[in-house]
Amino acid sequence: MTARIGVVTFPGSLDDRDTQRAIRLAGAEPVVLWHKDKDLKQVDAVVLPGGFSYGDYLRAGAISRFSPVMDTVVDQAKSGLPVLGICNGFQVLTEAHLLPGAMLGNDHRHFICRDQKLRVENAATAWTSDYTEGQEIHIPLKNMDGRYVADTYTLDLLEAEGRVAFRYLDVNPNGSLRDIAGVTNEAGNVVGLMPHPEHATEPLIGTGRTDGLPFFTSILKKLVNA
Amino acid sequence: MSRTPLDTVEHAAATPDVELPWAELGLKKDEYERVVEILGRRPTGAELAMYSVMWSEHCSYKSSKVHLRQFGEKAPESDALLVGIGENAGVVDVGQGYAVTFKVESHNHPSYVEPYQGAATGVGGIVRDIIAMGARPVAVVDPLRFGAADHPDTRRVLPGVVAGIGGYGNCLGLPNIGGEVVFDSCYQGNPLVNAGAIGVMRHEDIHLAKASGAGNKVILYGARTGGDGIGGASILASETFDDAKPSKRPAVQVGDPFQEKLLIECTLEAFREKLVVGIQDLGAAGLSCATSELASNGSGGMRVVLDDVPLRDSTLSPEEILMSESQERMCAVVEPGKVDRFLEICAKWDVIATVIGEVTDGDRLEIYWHGGKIVDVDPRTVAHDGPVYERPYARPEWQDALQADDANKLPRPETSEELKDQVLRLVASPNQASKKWITQQYDHFVQGNTVLAQPEDAGMIRIDEQSGLGVAIATDGNGRYAKLDPYHGAQLALAEAYRNVATTGAKPLAVSDCLNFGSPEDPAVMWQFAEAVRGLADGCLQLGTPVTGGNVSLYNQTGEAAIHPTPVVAVLGVIDDVARRTPAAFREEGQLLYLLGDTREEFGGSAWSQVVHDHLGGLPPAVDLERERLLADILISASRDGMIDAAHDLSDGGLVQAVVESALLGGKGARLIVPDGLDAFTFLFSESAGRAIVAVPRSEEVRFTDMCGARGLPATRIGVVDGDAVEVQGEFSLPLERLRTAHEETIPALLA
């Protein structure tokens, strides 16, 4: 058996089909989910993909968070449904308060696309178990509003609870506080990050690295072994 | 409150003496008289609006048409060409049932007036051309030219243009995989912002811009129509900038990439369900263009009710609605029985769609407003029978003196130290420096099919995940070469783009071009244009790569000063399996470096002559297209058979520029030996065409050199991939880190 992993398409989602491909490459079955449908089609996990949903107008993720599909995602995430938010998906998760903090415009005020070095800080979440803690990986990053911010209390709490999942190494590409690239919720089922693991899954494509594939194999193993 | 009567066709016939503002709308007196002659009466205001925009230089190609015909007349035999010049974009067969459409267009004038929106809407327009052919857009490229890198206005224009391209293209989810950035003071008041796009479809999905089948409905969908870009086509794109005139900002359109993304998805969904008979995007000249082109390309006429056009501004006049260049709009012709489903798909994507008319069995384009008929024309006279000018042209008097000012006689470096110093100056010069600060503002990865992207020689996209079938695209143009000799300059642009595609392992198939020149009313400029077109047409015939379409941008001049003639050529190629692509980076120490082709003392128009002597004179490098073809064949065979691990084309900056780029990309140095018969300076800086460097694994050396020998391509061993410096034996050694600093810090220092 394999796992069924849903990928939500919002208007303006861009990396939705790329995420479906990554899920397929990992051996799971991608399921297309539409933002206007509350029905999650009984998937075992959900990915909110990257892009510019609603053009990032108003504020990145601020409008998508009110989509019908998000009502169900928020409900089920609270009862353990694994959810991964990539880039715009991470922004939607913070707007929906499934993850703490918020994203501001990059400090240099430019869009940035680069092969980004990261350290895996938490290899115990639903989406990171195929990594080892402290592992250094390269994942493409591409965003306009990627500066992670939160108040000091929240940042300290995240650090204390091991909920900083990924940190930028060598270069902080957007001015994120404490070099935070990704975080998880307390239960470890909801993870969000700015870099795009789905773009590091094939040796020939993009940067030619496959450092992003473990996101999708991690969740597959968890679901199949469950 | 008095109210002027609606200027209907009847009213126009009854009031022949009413003066219309044809001159303000950009028409010449004889052109206006021709409109009157065609109609047999004075035009209505709405008809005048349509003729004025459609007969503008930008839309009618009235100055360039007589020359552009050569692209058809001299077209080489090609099995690959599925749709040629005249449609929204050309279409090429790339095998396995796939067809690829691609095109390059200019958005030069708007980008100078308003850099961000000008560049953004340039991307939007070219992408709609691709969708209108039935294809999913898969990549964009942006050939850009700006004034001097250190000029204060470049700091205004360039960051805005780059942010606009990124802001729009990134939001559409299109990887930006190639293009160029060139600085030259000749572009100071006339930056060139060209935008190219590629789309992929199955053969059976090709769509054309024609309205057929009486009773079929005309549906306008996408953004509401507003007051932006009115008269843009006629006034903006067809006149020389002049400081004395009022600001043209209101004629630049404003882009909404989110709306365009929805338009892409909903159009592709309608195509998948076979709901569309004909389709046209709304670009320059807006509804005037879309309705007249759809009607004139189809079998019948068309009736449109302008009151049904959804508006952003309810005060717009019918003339303004017809001329508006509001972005993100398309027009589809749909059978009555399929209209409901089409509207349903638009609603799913939250796209506004409205039936605004229908195809008739007549041969007239009729447009109604408030119940009155305000347009009644033969659509062909609007769309296709615009004026054609045989503009006078003459080789400029200064051309001889320019060519006699031989760059080969410039003082050359006399010591190794000077040679080294000039290498550093070259790789750090704005034109030769790394453009990473610019390209990292573009998404290269989205869609997950990018195999190669800038700074590689060509961008490469996988189009079939199973078979690995892919396409490559390169755009090139060298205004300095073309200024010295426009005929050969155009051929050198073609040769370089062709070579760049082959360098990555792809087989060149077809050409699109964007021809950027000064004012056609200047006989010297017109001569440059005529020569460049002739050179390009001859070159395409010889290389077997047909021109599938393109764009002409004239009036790129401020006062008397025209830009360098700048034909930008895009070559599209195909590769059976992207796993066989050849990147530019040196990856393995110990691999042997070979120089392919002949190196001569050719410095006319070279980067060296510009950087070291601020000089432009002499003749550009000699063109040998048969040699280009042989070189391409060798590069493609070597890539397919795994004989080479890296390859890089030699062009501006010569061999040393290519070696430094490949070394920095791979983080591996090179030890070079000056071959017999060449001096170190010529070896490093000459810009002889028809050359490339390749890195050959030792195990493949014999097989590779045997192949070159058997086919008569000179292959000279010039060194080895090794160490962490670029060393020229007996001359100098430059550590990679020093080269990297020189190469990568220039652009951020100027622009960041």
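This is a predicted model: local features need pLDDT of at least 70, side-chain atom pairs count only at pLDDT 80 or more; totals for chains, interfaces and linings use all residues.
Close-up 1. At 1.5 Å a residue, the 16 residues of α10(B), residues 257–272, should span 22 Å, and the end C-alpha atoms are 23 Å apart, which agrees. Just after α10(B), Lys274(B) adopts a positive phi of about 55°.

**Close-up 2. The annotated active-site residues of chain A.** An unreviewed UniProt entry gives the annotation "active site" to Cys87(A), His196(A) and Glu198(A). These residues span 112 residues in sequence, yet no two of their C-alpha atoms are more than 11.0 Å apart, so they gather at one spot. His196(A) is placed in the loop between β11 (190–193) and α5 (213–225) of chain A, and Glu198(A) likewise lies in the loop between β11 and α5 of chain A. His196(A) counts as buried because it has 30 C-beta neighbours inside 10 Å, while Glu198(A) is buried with 32 other C-beta atoms within 10 Å.

Close-up 3. When residues up to four places away in sequence are not counted, His196(A) touches Asp15(A), Gly50(A), Ile86(A) and Cys87(A), the run Ile139(A), Pro140(A), Leu141(A) and Lys142(A), and, from chain B, Phe445(B). Glu198(A), with its neighbours within four places in sequence left aside, is in contact with Asp15(A), Asp18(A), Thr19(A), Ala22(A), Ile86(A) and Gly212(A), and also with Gly448(B).

**Close-up 4. The side of chain A that touches chain B.** The contact between the chains takes 24 residues from chain A and 25 residues from chain B. On the side of chain A, at least two residues are supplied by each of α1 (16–26), β6 (112–120) and β7 (136–143), and the largest share, three residues, comes from β6(A). By class, this side of chain A has 11 nonpolar, seven polar and six charged residues.

**Close-up 5. Six-stranded sheet of chain B.** Six strands of chain B form an open sheet in the order β14-β15-β16-β21-β17-β18, with mixed pairing. The edges are taken by β14 (450–452) and β18 (547–553) of chain B, each with a single partner strand, so one side of each is left without a neighbour in the sheet. From one strand to the next, the twist averages 20°. Within the sheet, β15 (residues 459–462) and β16 (residues 470–476) of chain B pair in the antiparallel sense over four bridges, and Gly459(B) stands opposite Ile473(B) in β16(B). Helix α20 (residues 523–543) of chain B packs on the sheet, where it touches β17 (507–516), β18 and β21 (566–575) of chain B, and its direction makes about 175° with that of β17(B). For the annotation "domain: PurM-like N-terminal", the unreviewed UniProt entry covers residues 86–201 and 456–575 of chain B. Residues 456–575 of chain B are 38% helix and 35% strand, with end C-alpha atoms 16 Å apart, whereas residues 86–201 of chain B are 39% helix and 38% strand, with end C-alpha atoms 19 Å apart.

**Close-up 6. Seven-stranded sheet of chain B.** An open sheet of seven strands has the order β23-β25-β22-β26-β24-β27-β28 in chain B, and the pairing is mixed. Its edge strands, β23 (646–649) and β28 (732–735) of chain B, each pair on one side only, and neighbouring strands are turned by 20° against each other on average, direction ignored. The parallel strands β24 (residues 670–672) and β27 (residues 725–728) of chain B are joined by three bridges, and Leu672(B) has Val728(B) as its bridge partner in β27(B). Helix α19 (residues 486–503) of chain B packs on the sheet against β23 and β25 (692–696) of chain B, its direction making about 175° with that of β23(B). Helix α23 (residues 654–666) of chain B lies across β22 (592–596), β23, β24, β25 and β27 of chain B and runs at about 140° to β23(B).

How values were computed
Residues are numbered from 1 along each chain as its sequence is written. Chains are lettered from A and ligands numbered from 1 in the order in which they are written. Two residues are in contact if their C-beta atoms, placed from the backbone, lie within 7 Å. Ala, Val, Leu, Ile, Met, Phe, Trp, Tyr, Cys and Pro count as nonpolar, Asp, Glu, Lys and Arg as charged, and the others, Gly among them, as polar. UniProt positions are given in the numbering used here, feature names are shortened, and annotations may be inferred rather than shown by experiment. A residue is buried if 20 or more other C-beta atoms lie within 10 Å of its own, exposed if 12 or fewer, and partly exposed in between; C-beta atoms are placed from the backbone. The expected span of a helix is 1.5 Å times one less than its number of residues. Two strands pair if DSSP finds at least two bridges between them. Axes are lines fitted to C-alpha atoms, for helices over the stretch in contact, and angles run from 0 to 180 degrees between N-to-C directions.
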